[in-house]
Amino acid sequence: KSLLVIMAPSDDLNDAIGASAEGSTREKVDRNWLRNLLRRHHDQYQEQRRMSTSTSDEEKEDDILKDKALIVAPMVDQSDLPFRLLCRKHGANLAFTPMIHARLFITKEAYKKKFWDFIHGTPKEDRPLIAQFCGDDPNVLLEAAKSIEHHVDGVDLNCGCPQGIARRGNYGAYLLEQADTLVNIVKTLSASLTIPVTVKVRLLPTGEARVEDSIRLYHRLVDAGAHMITVHGRTRLQKGRDTGKADWDAIRQVVEAIGDRVPVIANGGIENFDDVKACLRQTKADGVMSSESILEYPPLFTNSHTESTSRQRTGPGRIELSRDYIQYAKINPPNKGGQGSGLKCIRVHIHRFLHADLQSTPNIRDLVCTAQSVEELEQAIDLMEKIHNDAGHVVQEEQKSWYVRHRVVGEDGLSAQDRKFRKDSIMTCDEPEDDSAICVAAMFGNDDNGDY
């Protein structure tokens with residue numbers, strides 16, 4: 001048996017997170033900047049929702065959603081441009097780019113070209129947009145952010161990635177335990193950029209004191225110039241099959257502590273629109289960010305699969321979503337300035353959309369996972385649609401499958417994910433288990449001796 005030992009935080013960590021507030025590097029943050037940003041893009045957002053087949057009048061009039069941010073999370077090789085456009089069509093009013101490795105962005109030409117169109121930027125339909133960077137060198141991060149600040153509405157610092165690769169690269173959630181370094185980064189960025197600087201964080205892994213310690217650190221980030229804090233209500237130890245429930249009460253305490261100074265966004269534990277509203281009511285946050293659930297069903301910010309629809313799917317089905325994404329990807333290839341790896345990125349999205357169907361159609365699953373062209377993926381979608389038609393498939397009865405793979409436990413005591421690990425014959429597409437789980441350098445070619 002293995003024994004997991006979690007050491008108590010060091011005196012240095014306690015000293016760092018409890019340091020006295022530093023003077024801000026710029027004038028007091030306008031608490032309403034996020035609300036004003038969303039309002040500037042309100043007409044565009046409403047037009048996109050009118051075009052959606054999954055939006056009802058009831059959703060548009062819900063007071064709890066007034067001026068709230070409904071956000072597509074930053075996800076490596078997942079929150080690519082075509083996927084963001086698909087989510088915006090179905091209710092998202094703000095999106096983040098995938099995590100961008102700052103050093104690679106300023107030193108690797110191939111990486112830059114795949115991640116950004118420096119001539120045209122991102123299309124107007126993809127605004128408002130926040131670009132997320134990772135790294136631990138404030139000057140490198142500043143140079144990377146400066147190069148695209150005129151193309152985006154904000155720059156975010158990744159302090160949420162819990163993976164081992166983030167520990168080796170000294171970024172993500174591991175920066176939260178190096179408070180002085182982190183505060184210096186935020187100071188440097190906020191003092192030199194003309195757009196808001198935001199930080200995506202997790203709770204500190206300091207046991208019973210995690211909320212109190214985290215809030216003390218978040219105060220320092222705001223003092224340093226952070227314009228918004230997105231709180232994933234878990235620690236870096238909660239990941240994969242040990243994810244556990246997101247702590248919305250902790251997020252509520254963060255809102256009570258710093259919400260009068262900057263917007264606070266809630267992240268974690270969102271399966272459908274009922275959860276979005278419940279989270280907003282409980283936490284009083286300025287918005288909700290979704291990652292895993294929206295990956296399988298981009299119309300997450302609609303009433304589909306909620307109590308008001310008897311848990312039925314009232315929006316587009318799996319086939320329609322797959323076709324729509326393919327069309328967006330043809331117009332905005334994810335590997336040509338769209339922040340994705342190309343065909344691999346497209347394959348994984350299609351695999352997620354069709355996940356429920358692919359469990360019983362291994363021939364189509366294999367075609368999706370090994371496709372060498374968009375045309376082959378379209379062929380797989382055609383084959384699946386024929387099966388649907390022949391079987392009298394009812395879109396309204398579709399339910400999520402990929403999202404609940406390690407959340408629903410069967411009679412054998414195993415989740416779908418655990419059961420999958422015991423079946424070597426099952427073929428799956430390469431997928432990250434959490435945001436930033438893929439090595440970005442490996443996606444785009446790496447000659448950096450594996451230090452990232």
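The model is predicted.

The chain contains 21 helices and nine strands. It has 452 residues, and 58% of them count as buried. The accessible surface of the chain is about 18700 Å², with 46% of that area belonging to carbon and sulfur atoms. As for contacts between residues at least 6 apart in sequence, 73% join residues at least 24 apart.

Thr97 gives a local view. Thr97 sits in the loop between strand 2 (94-96) and strand 3 (100-101). Is Thr97 buried or exposed? Thr97 counts as buried because its relative accessibility is 0%, and the cut-off for buried is under 20%. Leaving aside residues up to four places away in sequence, Thr97 touches Pro74, Met75, Ser79, Arg84, Trp116, Leu129, Ile130, Ala131, Gln132 and Gln339. With Gln132 there is also a polar contact: a polar atom of the Thr97 side chain lies 3.1 Å from the backbone nitrogen of Gln132.

The helix pair comes next. Helix 18 (residues 362-370) packs with helix 19 (residues 374-391) at an angle of about 160°, and their axes are 9 Å apart. Angles over 145 degrees count as roughly antiparallel, and helix 18 and helix 19 are therefore roughly antiparallel to each other. The crossing of helix 18 past helix 19 is left-handed. Which residues meet where these helices pack? From helix 18 come Ile364, Leu367, Val368 and Thr370; in helix 19 they meet Glu376, Leu377, Gln379, Ala380, Leu383, Met384 and Ile387.

Methods. Residues numbered from 1 in each chain as written. Predicted model: local features only at pLDDT ≥ 70, side-chain atom pairs only at ≥ 80, totals over all residues. Heavy atoms only, no water. Helix = DSSP H or I, 4+ residues; strand = E, 2+ residues; numbered from the N terminus. Buried < 20%, exposed > 50% of the residue type's maximum accessible area, 1.4 Å probe, protein only. Contact = heavy atoms within 4.5 Å. Areas by Shrake-Rupley, 256 points an atom, 1.4 Å probe, with all protein chains shown as cover. Polar contact = N/O pair within 3.5 Å; in protein donor to acceptor, adjacent residues only side chain to side chain. Axes fitted to C-alpha atoms, helices over the stretch in contact; angles between N-to-C directions. Parallel < 35°, antiparallel > 145°, perpendicular 65-115°, else oblique. Left-handed = near helix turned anticlockwise from the far one by under 90°.
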